[in-house]
Amino acid sequence: MRIISGSARGKIIEAPEGLDTRPVTDKIRQALFNIWQFDIPGSSFLDLFSGSGSMGLEALSRGADRVVMVEKGKKAADVIRRNLKACHFENKNCTLLEKDVFLAIEQLKRKGEKFDRIYLDPPYTVDSIFHPVMEALGDAELLNEDGEVVIRTLHTKEMRDDYVKLHRYRTKKWGISTAHFYKIR
C-alpha cells in the first residue's frame with residue numbers, strides 16, 4: 001500500500017498482518033479522496049476502525065489540519081505508529097486512540113469534538129456492529145454542520161437511510177464494497 005497524493009505521495013505504508021483488518025484498496029481510497037479533494041485541506045478527519053491508518057494518513061498527506069484515528073487492536077495500532085513515522089507525520093496534529101470505537105465516540109462526544117469528515121470501515125465479519133455504530137455516531141453529534149460520514153460495507157449489507165440525525169444521501173459501489181454517505185438532516 002502507498003499514500004496516493006499530497007506531501008507523503010508515494011510513501012509505502014504497511015498493513016497489519018492477519019485477517020483482523022481489511023485495508024482500504026488504493027482504488028477506493030483514491031476515489032473517496034477525489035470526491036473530497038476540495039474538502040480535506042484544513043479539515044478535521046475522524047478515522048474509525050483505522051487498521052493500517054491509511055485513510056487518516058491520506059487525509060494528513062492532503063492537508064487535513066487534524067486527524068483522529070481509532071484502533072483498538074494493539075498490532076494494528078503499532079502499525080499505525082510506524083506508518084506515521086514512515087510518512088514523517090509524528091509532529092502532525094494526529095491522535096491515535098487505542099480503544100473500542102464506542103468508548104472513543106463517547107469520549108469524543110464528552111469533549112465536544114467535531115469533525116468535517118468521519119470515515120468508518122467496520123470489520124465485515126462483525127455484521128452486528130454496523131447499525132449500532134451508526135446510531136452512536138448519529139447520537140454523538142460529532143459531525144460539523146456541513147460535514148459527512150462515510151461507512152464502507154459489503155455491497156450486500158443493507159443500511160438504513162436515517163440514524164438519529166444522520167441521513168443517507170448517496171451510495172457508491174466498488175466491487176464487493178459500497179460506501180454510504182450521510183449528512184446531518
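Mentor: Let's take a close look at helix H3 and its surroundings. A quick heads-up: this is a predicted model, where local features need pLDDT of at least 70, side-chain atom pairs count only at pLDDT 80 or more, and totals for chains, interfaces and linings use all residues. Residues are numbered from 1 along each chain as its sequence is written, and side-chain values use heavy atoms, with hydrogens and water left out.

H3 covers residues 74-86; helices here are DSSP runs of H or I with at least four residues, strands are runs of E with at least two, and both are numbered from the N terminus. Now, which residues of H3 are buried? They're Ala76, Ala77, Val79, Ile80, Asn83 and Leu84, where buried means under 20% relative accessible area and exposed over 50%, with a 1.4 Å probe and protein chains only. They sit on the same side of H3 because they cover an arc of only 155° around the axis, going by the directions from the helix axis to the C-beta atoms. Turned away from that side, you'll find the exposed Lys74, Lys75 and Lys85.

What covers the buried residues includes helix H2 (54-61), strand S2 (66-70) and strand S3 (94-97). S2 is itself mostly covered, with five of its five residues buried. S2 and S3 pair in the parallel sense over four bridges (pairing takes at least two DSSP bridges), and Met69 has Leu96 as its bridge partner in S3. The chain crosses from S2 through H3 to S3 in a right-handed β-α-β crossover: with the strands pointing away from you, the path from the first strand over the helix to the second runs clockwise.

Methods:
Expected span 1.5 Å × (residues − 1). Contact = heavy atoms within 4.5 Å.
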